[in-house]
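Please consult the sequence and the structure alongside the text.

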Amino acid sequence: MTRRAVLIRLLQKHVSTDDREEADRCAMVRLAHELGEPLSRAEPKAHFTASAYVVDVNGRRTCLVQHAKLDRLLQPGGHVEPSDISLEAAALREAHEETSLEVELHPSAPRPFDLDIHEIPARPGEPAHFHLDVRYLVVGRGEPCADAAWYAIGAAGDASVGRLAEKMLSLGSPPRP
């Protein structure tokens, strides 16, 4: 099965939790079909990314990163590399690279955990484009690096991070095995 086929199947099977996420899911399915290389950052209009909403083993804190280019407090994440065997692997790699935490997928959360489309503003040498973000719930252990920090769930980040916090809290139990 091609990477595109795996992506489309993943998106088709995802159960959205609200109208906004469902609208994003439908757009993502369409774009997964239409884009020449949907997982490549070379796609100028839009491309898929992977991110991780990292929570501690007690499910009380989340590790967020001050995004240098967007100047916002966000969950770790980024572009899918050709060497990533899956979007899950990309999310775990990005979470570890950006936080220095030991990370693993949450044992009982849906995979993916959330879908979101957001615009990335133009910068020198890069036009405005959309990130089609496939998000996973991840458990992190350790102390984060200097550019990341632990925050109480729901106490920091933008509305998009707030939606992830609400979804995490709705699971009802901490991620400990």
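Gln-75 touches Ser-51, Ala-52, Tyr-53, Leu-64, Asp-133, Arg-135, Val-161 and Leu-164, leaving out residues up to four places away in sequence; contact means heavy atoms within 4.5 Å. The model is a predicted one, in which local features need pLDDT of at least 70 and side-chain atom pairs count only at pLDDT 80 or more, while totals for chains, interfaces and linings use all residues. Residues are numbered from 1 along each chain as its sequence is written, and side-chain values use heavy atoms, with hydrogens and water left out.

Gln-75 belongs to the loop between strand S3 (72–74) and strand S4 (77–79); helices (H or I, at least four residues) and strands (E, at least two) are DSSP runs, numbered from the N terminus. Gln-75 counts as buried because its relative accessibility is 10%, where buried means under 20% relative accessible area, exposed over 50%, and partly exposed in between (1.4 Å probe, protein chains only). The C-alpha atoms of Gln-75 and Val-65, ten residues apart in sequence, are 6.0 Å apart in space.

Ser-16 sits between helix H1 (3–13) and helix H2 (19–34). Beyond its neighbours within four places in sequence, Ser-16 is in contact with Glu-21, Glu-22 and Arg-25.

Asn-58, in the loop between strand S1 (46–55) and strand S2 (61–67), is partly exposed because its relative accessible area is 26%. Asn-58 and Pro-175 are 117 residues apart along the chain, and their C-alpha atoms are separated by 6.6 Å.
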